[in-house]
Amino acid sequence: MSAVRTARTVVAATLVAGLAATALAAPALAAPAPAKQDHAAAQRALQAAVDAGVPGAVAQARDGRTAWTGTAGERKGDDRYRVGSITKTFVATVLLQLQAEGRIDLDDPVEKWLPGVVRGNGHDGRKITVRQLLNHTSGVYSVTSDPGFQEKIFGPGFLEHRYDRWTPKQLVDIAMTHAPDFAPGTAWNYSNTNYVLAGMVIEKVTGRPYGKAVENRIIKPLKLRATSVPGADVRMPKPSSPAYSTLSAEPNATVHDVSRLSPTLAYAAGEMISDSNDLQTFYRALLKGKLLPKAELREMTTTVPISPELPGAGYGLGLMKQKLSCGKEIWGHGGGIHGSSSDAQATRDGNHSIALNFNADWTGDTQAVLEGEFCG
């Protein structure tokens, strides 16, 4: 949930309208790199972010058999951090696995799995498919665009409500008080409610918390030791650095330590915690076909356009493609939540990857790091 700069602004615009930088941010827009590079441009971009006011920045990259870790400010190379909307790729992967097993069809109406949940002010789960949730063509209003939710969760009210526990149904019910953004399948708009619903669908299909499916199907098989689905645990695991937010769009607002919060405010739209090494392992395995059969990976990478202003960008099923300024194409997702701005991207073959994080949400340009890594 962050105000995203450069080309990503189009993607993130509906996430936290009116707030400078806190929310389950939309994916970043980036691309691949020269075969032999020294990562100097990426390191300069990390330092530029710190010079711009980010307390700490970290990035790790792999290119073939070589690996690089860069830091600036107070971040350390093995720090764990809240990954925000990068969670969405994990959730979509689980649903595609369930489809491959014949337990669900992504073209099922949402109503089949969540009867009566998507109703109100023009919303109708009978006319929305699970696939449309995953590629943001459902038209379902985003809970993070609700002014009252923004004030309580992302504005100054956060300090009072940071430990409140939210149920997925409460989040959906807030969205249902608004009209849909458009009729299902007629346009594209990033909505965090889509992935709250996707997590609920996983729980209905499996009969267990969606986080258990993520753990058993992705985290454990890939041995992602720094990755977790925290549920209601407000703490950050070590090692980690504090996360900072101004909780305001004002340029000189007070900076707060927002490291501890109830992840239930994000649920399956953005609650996960990881580090740069694990995120690369995940995206590389995903794109190399180690988590999904060929048919499901093809579905995941079938994209819909997100904006005429971004002809090189498209959103698949929890996965986004984009082209950088040098014309190179990469795949991944960005993510922001209180005091944390992250990005994880890889080439389509999974051979060149990067994952990065800033421990602030009001300044710094993660896109510049991607440009540096993949374009030099």
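K223 counts as exposed, at 54% relative accessibility (exposed means over 50% relative accessible area, buried under 20% and partly exposed in between, with a 1.4 Å probe and protein chains only). K223 also has a positive phi of about 55° although it is not a glycine. This is a predicted model, where local features need pLDDT of at least 70, side-chain atom pairs count only at pLDDT 80 or more, and totals for chains, interfaces and linings use all residues. Residues are numbered from 1 along each chain as its sequence is written, and side-chain values use heavy atoms, with hydrogens and water left out.

- Most residues other than glycine have a negative phi, and most peptide bonds are trans.
- K223 sits in the loop between α10 and β6 (helices, H or I of at least four residues, and strands, E of at least two, are DSSP runs numbered from the N terminus).
- P239 is in the loop between α10 (210-219) and β6 (244-245), and a cis peptide bond with omega of about 0° joins K238 to P239.
- Y267 has a positive phi of about 50° without being a glycine; its loop runs between β7 (256-257) and β8 (273-275), and at 8% relative accessibility Y267 counts as buried.

**Helix α11**
- Residues 276-287 make up α11, whose 12 residues reach 17 Å from first C-alpha to last, close to the 16 Å expected at 1.5 Å a residue (the expected span is 1.5 Å times one less than the number of residues).
- Because 10 of its 12 residues are buried, α11 is largely enclosed by the rest of the structure.
- D275 caps the N-terminal end, with a side-chain oxygen 3.3 Å from the backbone nitrogen of N277.
- Just after α11, G289 takes a positive phi of about 80°.

**Nonpolar cores**
- The largest nonpolar core has 85 residues, and F90, L95, L197, F282 and M300 have the most contacts inside it (a core is a set of buried Ala, Val, Leu, Ile, Met, Phe, Trp, Tyr and Cys residues joined through side-chain atoms within 4.5 Å).
- Helix α9 (residues 192-206) gives the most to this core, with eight residues.
- Apart from this core lies another, of 20 residues, including L46, V54, I354 and F374.

**Around S138**
- S138 is buried, at 1% relative accessible area, in the loop between α5 (130-134) and α6 (147-154).
- Leaving aside neighbours within four places in sequence, S138 is in contact (heavy atoms within 4.5 Å) with I128, Q132, L133, F182, P184 and N194.

Methods. Polar contact = N/O pair within 3.5 Å; in protein donor to acceptor, adjacent residues only side chain to side chain.
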